[in-house]
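Here are my notes on the disulfides. Please read them beside the model.

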Amino acid sequence: MDLPPHWTLASVLWMLLIGAAEDCLGEEVVLLNSKETQAELGWTSYPPNGWEEISGVDERYKPIRTYQVCNVMEPVQQNNWLQTGWVQRRGGQRIFVELQFTLRDCNSIPGVAGTCKETFNLLYVEAERDLGGVTREDRYTKVDTIAADESFTQGDLGERKMKLNTEVREIGHLNRKGFHLAFQDVGACVALVAVRVYYKRCLATVQNLAVFPDTVAEAAFATLVEVRGACVNSSEVDSDSPPRMHCSAEGEWLVPIGKCSCSAGYEEGHSSCEGRNGGGRG
């Protein structure tokens, strides 16, 4: 395509990054999925009368472990903390946190105190090892205040309607080996149904007769990681244009540049070089 003369390679990469939104996303490397644990999660809650771990079922009636808190009848301001176990980031830079939860409409609770809230806070703290119990509040970094798109009422309870909300937030750039997530309740009636934590990576692939390895996506949305490819067997690098691709923050391979060429006596097959005289694949 013809581009205006003032456009730079960075401009082109940015357009390709935006245009790739409809392509298939990269692989999600799951670091934590509370739904996969049917035994007690054993997360740390403080104070003792705050978050409570209970057994429940998901939308498919599969047994799961959940946490809930509902001290909305208390006249004092609430400050209840729930901290997950230590999550190793395993090289992930841009970490995604997916929350599924239900939240009660304060106006639907008869005689509720004026301190009732319809939000809770998501926070995290980096650590080289498991911190054990809840640490000092000033050590946490707040990610966001989480609100429900749909809150449930007494009528929904009678009709057994779940009204499950799903919210995704990001944390990063992380520098330590792992982290704890924390959920702060300040006076809501909320059930934390599921927590899933993951990062994205570009899966290993072969392009232009070059092998590109699994590559962790970078933290910044507009950052592309340049990766050099290794020529497949019986092929040689084009010295003027060695094979390269770029791994986007969404875990997609973009902007292939350069290539390898089959060696003398071989011809290109399906992502490989094959002998012209029936000599098999290189």
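1. A disulfide here is a pair of cysteine sulfur atoms within 2.5 Å. Cys106 and Cys116 meet this rule, with S to S at 2.0 Å. The model is predicted: local features need pLDDT of at least 70, side-chain atom pairs count only at pLDDT 80 or more, and totals for chains, interfaces and linings use all residues. Residues are numbered from 1 along each chain as its sequence is written, and side-chain values use heavy atoms, with hydrogens and water left out.

2. The count is 5 disulfides. Counting bonded cysteines along the chain, the pattern reads 1-4, 2-3, 5-7, 6-8, 9-10.

3. Back to Cys106 and Cys116. The S-S torsion is about -85°, so this disulfide is left-handed. Both cysteines sit in the loop between strand S7 (95–103) and strand S8 (119–127), 10 residues apart. Strands are DSSP runs (E, at least two residues), numbered from the N terminus. Both Cys106 and Cys116 are buried; buried means under 20% relative accessible area, exposed over 50%, partly exposed in between (1.4 Å probe, protein chains only).

4. Cys70 pairs with Cys189, sulfur atoms 2.1 Å apart. The pair links distant parts of the chain: Cys70 is in strand S4 (residues 63–70) and Cys189 in strand S12 (residues 189–202), 119 residues apart. The torsion is about -100°, so the bond is left-handed. Cys70 is partly exposed at 39%, whereas Cys189 is buried at 13%.

5. Cys262 is joined to Cys273, S to S 2.1 Å. Cys273 is buried, at 0% relative accessible area.

How values were computed:
Helix = DSSP H or I, 4+ residues; strand = E, 2+ residues; numbered from the N terminus.
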